[in-house]
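User: I would like to learn how to read a structure feature by feature. Can we work through one together?

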Amino acid sequence: MTEADSIKLFKCLSDKSRLLILKCLIKEPMYVELLSKRLQLTPSTISFHLKKLEDANIVQSRKEQYYTVYSINEDVLKHSIIDIIKEEASEENLQNQREEQYRKKVIENFFEYGKLKVIPVQRKKKLIVLEKIALAFEIGKKYAEREVNIIIADYNDDFCTIRREMIAEKIFKREDGIYERLR
């Protein structure tokens, strides 16, 4: 369960009418009109709350002749609160996916046919672009400045600026005119 699902679940359970609906459904599956009669709420109110409960995956529905019968989704309600709170690893994965999508989008926007169109101004985007170009170099291998310039020139004509930015961002280190990729 993601953090967004957990929030939706807890928000959904924080309503008195929804809790009453769940108390009825825990005894037996029911349809809207029967719930309406038992709880003395209008069918539209019951439908509204059932939709919220269904969106939060707390109840499930199935068609039986003319009626839609609702029942408790026990799999969701069997989770303990501790288990729900502990599920941060999946949230971390989600964050990693978002970052990877952002990275991919930046590369698509700034590169065309393998050439860097323009050096980004925003530091975060610039770093992504520099890391993409750095993939052309082997980590730990020593390069002469001329070699570095030639490789970077394949991506953009402003190889001096890109080379300096790579040093500033500690992607490369330079000693006595020899360059080495660090990351």
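**Reading the features**

Analyst: Start with L53: its relative accessibility is 0%, so L53 counts as buried. Keep in mind that this is a predicted model.

User: Where is L53 found?

Analyst: L53 sits in helix α4.

User: Which residues is L53 in contact with, leaving aside its neighbours within four places in sequence?

Analyst: Contact here is heavy atoms within 4.5 Å. With those neighbours set aside, L53 touches C12, R18, I21, L22, I58 and V59.

User: Now helix packing. At what angle do α3 and α4 pack?

Analyst: Read the angle and the axis distance together. Helix α3 (residues 32-39) packs on helix α4 (residues 43-55) at about 115°, and the axes are 9 Å apart. The two helices are therefore roughly perpendicular to each other. The crossing of α3 past α4 is right-handed.

User: Which residues of α3 and α4 meet?

Analyst: From α3 come V32, L35, S36 and L39. From α4 come P43, I46, S47 and L50.

User: How do α9 and α10 pack?

Analyst: Read that pair the same way. The angle is about 110°, and the axes of α9 and α10 are 9 Å apart. So α9 and α10 are roughly perpendicular to each other. Their crossing is right-handed. On the α9 side, E145, V148, N149, I152 and A153 make the meeting. On the α10 side, the partners are F159, I162, R163 and M166.

User: On to aromatic rings. How many aromatic pairs does a search of the whole structure find?

Analyst: The search finds five aromatic pairs. For each pair, check the distance between centres, then the angle between planes. Take F111 and Y155: the ring centres are 6.4 Å apart and the planes stand at 85°, so this pair is edge-to-face. Next, ask where the partners lie. F111 belongs to strand β4 (residues 111-112), while Y155 is in the loop between α9 (145-153) and α10 (159-168), so the pair ties together parts that are 44 residues apart in sequence.

User: Are F111 and Y155 buried or exposed?

Analyst: Both F111 and Y155 are buried. A second pair is F172 with Y179. Its ring centres are 6.5 Å apart and its planes are at 75°, so F172 and Y179 are also edge-to-face. F172 and Y179 are buried too.

User: Which residues do ring pairs link into a cluster?

Analyst: The cluster holds F137, Y143, F172 and Y179. Look at Y143 in detail. Y143 lies in strand β6 (residues 142-144). Its relative accessibility is 4%, so Y143 counts as buried. Y143 and Y179 are 36 residues apart in sequence, yet 5.0 Å apart in space, C-alpha to C-alpha. Leaving aside neighbours within four places in sequence, Y143 is in contact with F137, E138, V148, I151, G177, I178 and Y179.

User: Which residue lies over the face of Y102?

Analyst: Here the thing to read is the distance from a side chain to a ring centre. K124 lies over the face of Y102, at 4.6 Å from the ring centre.

User: Last one. Is Y113 buried or exposed?

Analyst: The cut-off for exposed is over 50% relative accessible area. At 81% relative accessibility, Y113 counts as exposed. Y113 is in the loop between β4 and β5 (115-116). Y113 and K125 are 12 residues apart along the chain, and their C-alpha atoms are separated by 18 Å.

Terms used: Residues numbered from 1 in each chain as written. Predicted model: local features only at pLDDT ≥ 70, side-chain atom pairs only at ≥ 80, totals over all residues. Heavy atoms only, no water. Phe/Tyr/Trp six-rings, centres within 6.5 Å; stacked < 30°, edge-to-face > 60°. Helix = DSSP H or I, 4+ residues; strand = E, 2+ residues; numbered from the N terminus. Buried < 20%, exposed > 50% of the residue type's maximum accessible area, 1.4 Å probe, protein only. Lys NZ or Arg CZ within 6 Å of the ring centre and 35° of its normal. Axes fitted to C-alpha atoms, helices over the stretch in contact; angles between N-to-C directions. Parallel < 35°, antiparallel > 145°, perpendicular 65-115°, else oblique. Left-handed = near helix turned anticlockwise from the far one by under 90°.
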